[in-house]
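User: Hi, I've got a structure open and would like to go through it with you. Can we take it bit by bit?

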Amino acid sequence: MLRQYELVDLVKSYDPDADEDALNRAYVFAMKKHGAQLRASGDPYYSHPVEVAGILTKFKLDSASVIAGLLHDTVEDTDTTVEEIKGLFGEQVAQIVDGLTKLAMIEQKSVNNKQAENFRKLLLAMSEDIRVLLIKLADRLHNMRTLHFLKKPEKRARIARETLDIYAPLAERIGMQAVKSELEEIAFAELHKDAYESIKARLNFLREQGSNLVPRIIAQLEKDMAENDIKASVSGREKSPYSIWRKMQSKNASFEQLSDIMAFRIIVDDVGACYQALGIVHSKYHMVPRRFKDYISTPKPNGYKSIHTGIIGPENTRIEVQIRTQEMHEVAEKGVAAHWAYKQGAKVVGRNFRWIRELLEILEQASNPEEFLENTKLEMYNDQVFCFTPKGDLIGLPINSTPVDFAYAVHSSVGDTCVGAKINGEIRPLRTVLQNGDQVEILTSKAQHPSTEWDRFVVTGKAKAAIRRYVRAYKRDQFITLGEQLLEKTFKGENLEFNEKALVNVFPNFEAESIDDIYAKVGEGLVTAWDVLKAVYPAYKQSKLEKVVKSFKMPGFGKTTRKTKAKGEPLKIKGLIPGMAVHFAGCCHPLPGDRIVGIVTTGKGVAVHTIDCKQLEKYTEEPERWLDISWGEAAEDGPHVGRLKVMITNEPGTLGELSNLIARNNGNISNLNITNRTVSYFELLLDVEVKDLKHLTDIIAALKASKAVSYVARAN
Ligand code: MN
């Protein structure tokens, strides 16, 4: 294990300005906090964060990262709080540790293999600071290095599988080739012990057979370079057992059939020398077709640059040759961190997050749009959230998605019937905005239908389309119900027989193909009930209409106490859903208990007004639109909005008292507008959600009793 001064020296070797004091304090803090906890290896637990910090120095990370590496398990595994870390080590370190703790919590949820890609996206989305991800990878790397200490084979296998599915690809995505390879090798050895050992044995056998083939080829390539005055360092290696195994699998080949199991690397001074070296290699040895790739002129999206070629090389052996500069090499092995360190001249500037911008630049260099999308996820995922189903499946959604979006993403039948949601075990409203890593359980009921309300907060196209499709179909049903009631009432009111047979004869008059078409048109207000009546009974005298008009007009604009003399019983708003075929007028905000009148509005069904609403004057010339209605079951569909005009004294606390009074009377303020303001008074328009007229009247009475309120009345 690294000693305290060794770690500090390591950081100072590449960052002379590193915060030595904070590093020392963090080392001691981790040691104390983890106390007597032990690792499976029998080592004290704090050896783990210290080793993780050591790995981070290999990436040449800034001191904030190394400190966060030392502290990375303290919040999760000890009584330490993020606040405490903030107090001792500052905001930046605290945020990184907080991010790591959140990742650790997410990690504990089991994820199907199929979900690996979404899980990687989730980790990327949650690592708002790229350093969180780098420390997470270092953490995983050390845990893999010590994997063999774990006793339970199932646990080792699970961790190895997770490493192959999630962390090795993540390391690759941000260009950390060395970390990726090491993670893969350890995981491969754990998961496929037999294959690993037999490949190893074959490699050993070849090594003995070939009697130092690798060094001989290196020597020849060095000679080739020197003869052409190219300064180069050549290295060579056998490919790793895991990459050989993967190649065997992808090509369905046996080990013997694999030709190039050796790879050589020529590192030169600059880009020009790369192409010179390539020319030398290609002119001296046969090139293997389709193995040439120039990642210098077209870098990989993760920033990787190099030339790759396959040749029949020295000793007549098929080999792979990679040609690159030292800087390209560092970037290939260490990824983002190295790239950034180079640009900074190895001086660490930790505070301004420069390397996040660097990373984005690298990602933006990608030439292929698909690759670009595939690889800019760090940035892209700001637009997405990833949430778990109770079974551990991950669902990716656009940002600001709600449980309703989630429900539709699971299945449209779940969306159509959702009544509520448990988010992380707690019942939450359907309009709640989901956060990364939330576990969402949708509660459903067969009695539920999609609601127009949902359309206001859902964000996914799937949810929107499903809701609208349903509402459209449902609205037609509502118009049909309303239309039938309107026709029946109108016919009966005139003592005329109402039957469907009579209607069939007048289909052509209304471009209808069915009874429902006629009902829907009447309900929607495209055709009036009187039009239909006149079509069915052309001889019927129209004069009686006048009476109807008068009976409606009187109470509204004459003596308001007179009873409406409409014919027959008033139409109950029965079986009709407010908001679909019937809606409450925004001008007068009718409340259950108010005397009301309906106006059939073209294309919108029935608008309900209070009987004294000024807007009704507009319809005096159109008696056929008027409809005598009363509160039916619709009254139970609360809450309703009552609008109040209030004047309060302009003193501290009066607005508070006003809202307190309303709240105490179980009213809910849904909107508040200051319409006028003087030195001594505020004039307000208040929308209050109430059950019915009595409820609003009670609130008005309560307000009148308050000293803060100098005037209150229902606004109209
Ligand atoms: Mn850890």
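This is a predicted model: local features need pLDDT of at least 70, side-chain atom pairs count only at pLDDT 80 or more; totals for chains, interfaces and linings use all residues.

User: OK. Which protein donors does the manganese ion have?

Analyst: The manganese ion has H48 (NE2), H72 (NE2), D73 (OD) and D139 (OD) as its protein donors, and they lie 2.2 to 2.4 Å from the ion.

User: And what spacing do the donors follow along the chain?

Analyst: The spacing for the manganese donors is H-x23-H-D-x65-D.

User: What about D73, buried or exposed?

Analyst: D73 counts as buried, at 6% relative accessibility. The cut-off for buried is under 20% relative accessible area.

User: Good. Switching to aromatics: how many aromatic pairs are there in the whole structure?

Analyst: A search of the whole structure gives nine aromatic pairs. Among them is Y295 with Y304, where the ring centres are 5.8 Å apart and the planes are at 70°, so this pair is edge-to-face.

User: Why does the Y295 and Y304 pair count as edge-to-face?

Analyst: Because its planes are at 70°, and planes over 60 degrees apart count as edge-to-face.

User: Are those two tyrosines, Y295 and Y304, buried or exposed?

Analyst: Y295 counts as buried at 17% relative accessibility, and Y304 is buried too, with a relative accessible area of 10%. There's also F491 with F498: their ring centres are 5.2 Å apart and the planes are at 65°, so that pair is edge-to-face as well. Both F491 and F498 are buried.

User: Which residues form an aromatic cluster?

Analyst: One aromatic cluster is formed by F188, Y196, Y242 and W245.

User: And which ring does the charged end of R39 sit over?

Analyst: The ring of Y45. The charged end of R39 sits over that ring, 5.7 Å from its centre.

User: Let's go to the surface. Which residues form a nonpolar patch there?

Analyst: L655, L672 and I674 form a nonpolar patch on the surface, and together they have about 240 Å² of accessible area.

User: Where is L672 found?

Analyst: L672 is in strand β18, which covers residues 668-677. L672 is partly exposed, with a relative accessible area of 35%.

User: New topic, backbone angles. What's the phi of N316?

Analyst: N316 has a positive phi of about 55°, although it is not a glycine. Its place is the loop between β5 (307-312) and β6 (318-325). N316 is exposed, with a relative accessible area of 68%.

User: And what's the phi of N424?

Analyst: Positive as well, about 50° for N424, and again this residue is not a glycine. N424 is in the loop between β9 (418-423) and β10 (426-428). At 45% relative accessibility, N424 counts as partly exposed.

User: How many residues apart in sequence are F388 and N424?

Analyst: F388 and N424 are 36 residues apart in sequence, and 9.5 Å apart in space, C-alpha to C-alpha.

User: Where does F388 have its place?

Analyst: F388 is in strand β7, residues 384-388. F388 is buried, with a relative accessible area of 0%, whereas N424 is partly exposed at 45%.

Definitions and conventions. Residues are numbered from 1 along each chain as its sequence is written. Side-chain values use heavy atoms; hydrogens and water are left out. Donors are N, O and S atoms within 2.8 Å of the metal (3.2 Å for Na, K and Ca); water is not among the atoms, so sites may look incomplete. Buried means under 20% relative accessible area, exposed over 50%, partly exposed in between (1.4 Å probe, protein chains only). Rings of Phe, Tyr and Trp (its six-membered ring) pair if their centres lie within 6.5 Å; planes under 30 degrees apart count as stacked, over 60 as edge-to-face and the rest as tilted. A charge sits over a ring if NZ of Lys or CZ of Arg is within 6 Å of the ring centre and within 35 degrees of the ring normal. Patches are made of residues with over 30% relative accessible area and no salt bridge: like charges are joined within 9 Å, nonpolar side chains (Val, Leu, Ile, Met, Phe, Trp, Tyr) within 5 Å. Accessible areas come from the Shrake-Rupley method with a 1.4 Å probe; for residues, only the protein chains shown count as cover. A salt bridge is a side-chain nitrogen of Lys or Arg within 4 Å of a carboxyl oxygen of Asp or Glu. Helices (H or I, at least four residues) and strands (E, at least two) are DSSP runs, numbered from the N terminus.
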